[in-house]
Amino acid sequence: MKIENKTIWITGASSGIGLELSQQLAAKGSRIVLSARRKDALEEIAKSLPGGLERHSVVPLDLADYEHLAEKVQAVLPEIGPVDILINNGGISQRSLFVDTDLAVYKQLMDVNYFGTVAMTKALLPSLLTQRGMVVSISSVAGKMGSKLRTGYSGAKYAVVGFMDCLRAELAASGVKCLTICPGSIQTNIAINALNAQGEAQQKNDDSIINGMSVSECVEQMIKAIEKERDEVVIGKGISGMGPTIKRFFPGVYNRLAAKMEYR
Ligand SMILES: NC(=O)c1ccc[n+]([C@@H]2O[C@H](COP(=O)([O-])OP(=O)(O)OC[C@H]3O[C@@H](n4cnc5c(N)ncnc54)[C@H](OP(=O)(O)O)[C@@H]3O)[C@@H](O)[C@H]2O)c1
């Protein structure tokens, strides 16, 4: 799919992968609709993109409020016009053991990462069908393999993979493409913002993220996957990139590794 002059709605555009996607896609000639909770941050980013706020739009929203996302989208679509690509990127991670973690944390992880994705896709599907566009959902390698401290996050990201596999089959005849992206460890604030057992941001970084792939390299690979209309890609280096392949072909080996590793 060609990127130039496409209208691309990106959730989680205020930070990390979503911010970098906005910058790289705008530089390639796309018009970006930026969403996340922090309106001020989104406006600053939109102003800095080529064409500024005259070309790009800001739609603040909370993915956890998934029951009201359709209304929000409907209210702004007449002004924005047809949307070609939706990138379901906004999300939040977890670093806590199952035994310690409040049930409310599981609900929050599912609401933001899974129901937010489903609700945004439902709200924008009519436009994507008209445009024969694309749904891109950012799952994770945690959506393809398990590791300690992520029972809720991994559950939600596995759910995103399943949702996208079914949607791809249902939409195949419509011309709408469905791409699932599973990043490994990427250098963003994901670990700093990850929820602890009480549902608060852990406020510290992890070695795996610090030593992970740069966000610019990750996003370059994501954009190639969009242009090539791939179904699913894993993007990462080291164990975070290899993990899903090891799990697929040698599940016993992977499961023993996962039980031993104190992977953060
Ligand atoms: N970095 C990695 O290693 C990695 C690996 C695999 C998958 N991923 C996935 O990549 C995506 C982007 O994460 P990132 O690495 O860029 O992390 P990040 O820097 O923490 O960015 C997360 C983005 O999601 C938004 N967000 C969080 N909760 C939200 C909510 N309730 N409603 C709306 N927006 C919300 C945040 O914006 P506001 O705070 O302004 O709302 C922010 O823009 C996530 O889905 C994450 O699970 C990341």
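Is Glu 232 buried, partly exposed or exposed? Select Glu 232 and take a look: Glu 232 is partly exposed, at 25% relative accessible area. Keep in mind as you go that this is a predicted model.

**Stop 1**

**Stop 2: along the loop to Lys 148**

Stay in the loop between E5 and H6 and pick Lys 148. The side chain of Lys 148 meets that of Glu 262 in a salt bridge, at 2.8 Å from N to O. Glu 262 is in the segment after helix H10 (251-260), so here the pair ties together parts that are 114 residues apart in sequence. How exposed are the two partners? Lys 148 counts as partly exposed at 27% relative accessibility, whereas Glu 262 is exposed, with a relative accessible area of 65%.

**Stop 3: Glu 229 and Lys 177**

Now select Glu 229 and Lys 177. Another salt bridge joins their side chains, with an N to O distance of 3.9 Å. That value still qualifies because the cut-off is 4 Å between a side-chain nitrogen of Lys or Arg and a carboxyl oxygen of Asp or Glu. Glu 229 lies in the loop between helix H8 (215-227) and E7, and Lys 177 in strand E6 (residues 177-183), so to speak distant parts of the chain, 52 residues apart. Both ends are partly exposed: Glu 229 at 31% relative accessibility and Lys 177 at 33%. Across the model, the count comes to 11 salt bridges.

**Stop 4**

Arg 264 counts as partly exposed, at 30% relative accessibility.

Next, show what Arg 264 touches. Beyond its neighbours within four places in sequence, its contacts include Leu 149, Arg 150, Lys 204 and Ser 208. Gln 202 is on the contact list as well, and a polar contact of 2.9 Å joins the side chains of Gln 202 and Arg 264.

**Stop 5: the ligand**

Select the ligand and display the residues around it. There are 31 of them, and Ser 15, Arg 37, Asn 89, Tyr 153 and Thr 188 come nearest. For Gly 12, look at the backbone instead, where an N or O atom lies 3.0 Å from a ligand oxygen. Asn 189 also has a backbone N or O atom to inspect, 3.5 Å from an oxygen atom of the ligand.

**Stop 6: Ser 57**

Move to strand E3 (residues 57-58), where you will find Ser 57. Ser 57 is buried, with a relative accessible area of 17%. Leaving out neighbours within four places in sequence, Ser 57 is in contact with Arg 31, Ile 32, Val 33, Leu 34 and Ile 80.

**Stop 7: Gln 198**

For a contrast, select Gln 198, in the loop between E6 and helix H7 (207-210). Gln 198 counts as exposed, at 51% relative accessibility. Not counting residues up to four places away in sequence, Gln 198 touches Asp 102 and Val 105. The C-alpha atoms of Gln 198 and Val 105 are 7.0 Å apart in space, though 93 residues separate the two in sequence.

**Last stop: residues 6-187**

Finally, colour residues 6-187. An unreviewed UniProt entry places the feature "domain: Ketoreductase" there. Over this stretch the chain is 48% helix and 15% strand, with the end C-alpha atoms 27 Å apart.

How values were computed
Residues are numbered from 1 along each chain as its sequence is written. This is a predicted model: local features need pLDDT of at least 70, side-chain atom pairs count only at pLDDT 80 or more; totals for chains, interfaces and linings use all residues. Side-chain values use heavy atoms; hydrogens and water are left out. Buried means under 20% relative accessible area, exposed over 50%, partly exposed in between (1.4 Å probe, protein chains only). Helices (H or I, at least four residues) and strands (E, at least two) are DSSP runs, numbered from the N terminus. UniProt positions are given in the numbering used here, feature names are shortened, and annotations may be inferred rather than shown by experiment. Contact means heavy atoms within 4.5 Å. A residue is near a molecule or strand if one of its heavy atoms lies within 4 Å of it. A polar contact is a pair of N or O atoms within 3.5 Å; within protein, one must be able to donate a hydrogen and the other to accept it, and residues adjacent in sequence count only if both atoms are side-chain atoms.
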